[in-house]
Amino acid sequence: MNKLFSWAFGNRAPAGAGGPQKHISLALQGGGAHGAFTWGVLDHLLEDGRLAIDGISGASAGAVNAVMLADGLVRGGAQEARKRLADFWRAASIGGSLPALQRHVVERLSRAVPLGGSPMKDWLHTMGGLLSPSELNPLNINPLKQLIERYVDFAAIRADTSREIFISATNVRTGDLRIFTRAEITAEAVMASACLPLVFRAVEIDGVPYWDGGYVGNPPLLPFLQTKDTDLLIVQVYPQMRQRTPETTREIMSRASEISFNAPFLSELRAIDLIQRRDEERGAGRRLRLHRVALEELDEAFDSASRLHNGYEFFDKLRQLGQAAARRFLDAHFEDIGRRGSIDLKAEAGAERA
């Protein structure tokens with residue numbers, strides 16, 4: 001953990017032409033196709049133009065969005081970042097521009113986790129669970145890797161010191177969190193962060209196998225404690241609260257997935273709360289002001305299984321939800337940025353809710 005606090009952010013981004021911008025960092029939760037919600041959030045924040053992005057962290061799909069955002073900002077600022085994100089999500093959809101072989105894998109993977117209740121779909125779902133990645137995808141084709149390499153100039157991101165980036169992955173052998181910093185980020189690091197273990201083989205980097213970062217850092221928050229005064233906007237795609245107790249097998253599996261992928265996030269919130277309370281007792285000045293935009297509880301079309309949907313219409317619906325959520329956040333809390341957090345950290349990290 002000590003290594004996390006040894007990194008330093010680079011210089012802050014300059015204020016926009018419309019006047020001084022407020023500075024903020026972003027923590028982007030992973031969630032497969034639900035990352036299109038985060039695309040919408042980012043798109044509106046960039047269009048609004050009142051925020052300068054100092055740092056970005058991400059896990060899984062959040063890591064993909066993070067590097068698309070960073071690449072666009074390096075190449076041409078907010079408008080280029082919006083274009084990069086839009087182009088990527090269009091290309092990643094079934095109607096996009098993947099080569100035929102990669103398209104076949106995407107479509108097959110989507111069908112491996114069907115949503116309906118027919119006997120054939122139930123059978124396919126069961127078989128998808130029994131087949132290993134080597135059997136399901138024997139050529140180890142990862143369609144996202146080529147897309148990411150097509151859209152992202154990793155050398156330019158590594159060279160840009162205006163903002164830090166933190167990407168999480170899970171060490172398969174130890175179960176430990178691995179944080180890839182800006183200077184370490186490559187296409188392989190992003191694919192390690194987005195490596196679903198039942199779909200793709202572990203991604204090896206320097207001889208170490210990695211799986212999806214969502215298991216242990218979803219998204220990474222603690223690295224942002226290294227600065228004394230930071231606003232951090234968390235984009236959360238896994239619902240934290242459900243009003244109804246799940247009953248069917250599908251509902252139970254969906255909720256179990258949500259709990260599992262939110263667990264590291266809640267653990268980091270508790271750690272931040274503890275560190276900041278101890279800092280206050282010692283009179284230390286370090287402060288992390290937390291904010292959140294969340295994909296709220298929706299109908300079953302947006303349950304955990306839909307994380308493997310990849311039709312553009314589905315992506316676009318999520319994008320619009322993200323845009324609306326970001327708009328509501330700015331309307332309600334723009335004035336809070338730089339002054340106070342807009343979520344109650346003690347309540348989030350404390351006792352169980354009623």
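This is a predicted model: local features need pLDDT of at least 70, side-chain atom pairs count only at pLDDT 80 or more; totals for chains, interfaces and linings use all residues.

User: Before we zoom in, what is the mean pLDDT of the chain, and what share of its residues reach 70 or more?

Analyst: The chain has a mean pLDDT of 79, with 74% of its residues at 70 or more. Two stretches call for some care. Residues 1-17 have pLDDT below 50, although this stretch has 42 contacts in the model beyond near neighbours in sequence. Residues 104-129 also stay under 50, and there the model has 35 contacts beyond four places in sequence.

Now for the helices. Two packed helices are described by the angle between their axes and the distance between the axes. Keep both in mind as we take helix H1, which covers residues 35-48, and look at two of its partners.

Let's take H3 as a partner. This helix spans residues 78-92, and its axis comes within 9 Å of the axis of H1, crossing at roughly 160°. Angles over 145 degrees count as roughly antiparallel, so H1 is roughly antiparallel to H3. The crossing of H1 past H3 is left-handed. On the H1 side, the residues that meet H3 are Gly35, Ala36, Trp39, Leu42, Asp43, Leu46 and Glu47. Facing them from H3 are Ala78, Ala81, Arg82, Leu85, Ala86 and Trp89.

Next comes H2, which covers residues 61-76. H1 and H2 pack with their axes 9 Å apart, at an angle of about 30°. Angles under 35 degrees count as roughly parallel, so H1 is roughly parallel to H2. H1 passes H2 in a right-handed crossing. Here Gly35, Thr38, Trp39, Leu42 and Leu46 of H1 meet Ala61, Asn65, Leu69 and Leu73 of H2. This contact divides into six nonpolar, three polar and no charged residues.

If you compare the lists, you can find Trp39 facing H3 and also facing H2. Trp39 has a further contact to look for, with Arg319. Arg319 lies in helix H11, which runs over residues 312-333. Setting aside neighbours within four places in sequence, Arg319 touches Ala36, Trp39 and Gly40. Is Arg319 buried or exposed? Under 20% relative accessible area counts as buried, and Arg319 has 18%, so this arginine is buried.

Let's also visit the way into H2. Ser60 sits in the loop between strand E2 (51-59) and H2. Its phi is near 55°, a positive value in a residue other than glycine. Most residues other than glycine have a negative phi, and most peptide bonds are trans. Ser60 is also buried, with a relative accessible area of 7%.

However, Asp206 counts as exposed, at 77% relative accessibility.

One last stop concerns a peptide bond. The bond from Asn218 to Pro219 is cis, with omega near -5°. You will find Pro219 in the loop between strand E6 (208-212) and strand E7 (229-236).

To return to where we started, H1 is roughly antiparallel to H3 and roughly parallel to H2.

Conventions. Residues are numbered from 1 along each chain as its sequence is written. Side-chain values use heavy atoms; hydrogens and water are left out. Axes are lines fitted to C-alpha atoms, for helices over the stretch in contact, and angles run from 0 to 180 degrees between N-to-C directions. Helices (H or I, at least four residues) and strands (E, at least two) are DSSP runs, numbered from the N terminus. Angles under 35 degrees count as roughly parallel, over 145 as roughly antiparallel, 65 to 115 as roughly perpendicular and the rest as oblique. A crossing is left-handed if the near helix is turned anticlockwise from the far one by less than a right angle, and right-handed if clockwise. Contact means heavy atoms within 4.5 Å. pLDDT is the predictor's confidence in each residue, from 0 to 100. Buried means under 20% relative accessible area, exposed over 50%, partly exposed in between (1.4 Å probe, protein chains only). Ala, Val, Leu, Ile, Met, Phe, Trp, Tyr, Cys and Pro count as nonpolar, Asp, Glu, Lys and Arg as charged, and the others, Gly among them, as polar.
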